[in-house]
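Here's a quick tour for anyone opening this one for the first time. Have a look at the sequence and the model, then read on.

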Amino acid sequence: QVQLVESGGGLVQAGGSLRLSCAASARTFRMYTMGWFRQAPGKERALVAAINWSDDSTYYIGSVKGRFTISRDNAKNTVYLQMNSLKPEDTAVYYCAAAWQAVGWRTGYDYWGQGTQVTVSS
């Protein structure tokens, strides 16, 4: 099975930056679409950003466009989420997830990390 471990979360002030990392154990990491999800208290888990397995194309929800950047390093089996200009509404637990040869952005995520807390204060 695929093991995913997130790191890089923490407490920052509004306007600050964080870089989340997700290290994967998969030997075929390059064959997975990788996504970052977040879940705030009382809210449903939502896809924030994703990077495709076949062409490295990316997806972002509108509220993070221009502020967040997803990237991957297949040689290191790692996906990143650079988060700039953070806002209090970005506060959530962020989860890394992997979808084997995904055909879309929102489905097929069978493997999940443990989550890392991101808290943005005003």
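Predicted model: local features only at pLDDT ≥ 70, side-chain atom pairs only at ≥ 80, totals over all residues.

A residue counts as buried here when its relative accessible area is under 20%. The points below go through the disulfide, the salt bridges and then the strands.

**The disulfide**

- A disulfide is a covalent bond between the sulfur atoms of two cysteines.
- A search of the whole structure turns up one disulfide.
- That bond joins C22 to C96, with an S to S distance of 2.1 Å. It links distant parts of the chain, since C22 sits in strand β3 and C96 in strand β9, 74 residues apart.
- The torsion about the S-S bond of C22 and C96 is about -80°, so this disulfide is left-handed.

- Where does D90 lie? You'll find D90 in the loop between β8 (78-83) and β9 (92-100).
- Is D90 buried or exposed? D90 has a relative accessibility of 1%, so it counts as buried.
- If you skip the neighbours within four places in sequence, D90 is in contact with R38, R67, F68, V118 and V120.
- How many salt bridges are there? The count comes to two.
- One of them is between the side chains of R38 and D90, at 3.0 Å from N to O. This pair links distant parts of the chain: R38 is in strand β4, D90 is in the loop between β8 and β9, and they are 52 residues apart.
- R38 itself has a relative accessible area of 13%, so it falls on the buried side of the cut-off.
- D90 also forms a salt bridge with R67, where the closest N and O atoms are 2.8 Å apart. R67 lies in the loop between β6 (58-60) and β7 while D90 lies in the loop between β8 and β9, so the pair ties together parts that are 23 residues apart in sequence.
- Both D90 and R67 are buried.
- Put together, R38, R67 and D90 are linked in a network of salt bridges.

- Strands of a sheet pair through backbone hydrogen bonds, either parallel or antiparallel.
- Four strands make up an open sheet in the order β1-β3-β8-β7, and the pairing is antiparallel. At the edges are β1 (4-7) and β7 (68-73), each of which pairs on one side only.
- On average, neighbouring strands of this sheet are turned by 15° against each other, ignoring direction.
- Strand β3 (residues 18-24) and β8 run antiparallel and are joined by six bridges. Within this part of the sheet, L20 stands opposite L81 in β8.

- Strand β4 covers residues 32-39, and R38 is part of it.
- Seven of the eight residues of β4 are buried, so this strand is largely enclosed by the rest of the structure.
- β4 and β9 run antiparallel, with eight bridges joining them. Y32, for instance, has W100 in β9 as its bridge partner.
- β4 also pairs with strand β5 (residues 46-51), again in the antiparallel sense, over five bridges. Here G35 has A50 in β5 as its bridge partner.
- The hairpin of β4 and β5 has six residues between the strands, and in it G42 takes a positive phi near 80°.

How values were computed
Residues numbered from 1 in each chain as written. Heavy atoms only, no water. Helix = DSSP H or I, 4+ residues; strand = E, 2+ residues; numbered from the N terminus. Buried < 20%, exposed > 50% of the residue type's maximum accessible area, 1.4 Å probe, protein only. Contact = heavy atoms within 4.5 Å. Pairing = 2+ DSSP bridges. Axes fitted to C-alpha atoms, helices over the stretch in contact; angles between N-to-C directions. Disulfide = S-S within 2.5 Å. Salt bridge = Lys/Arg side-chain N within 4 Å of Asp/Glu carboxyl O.
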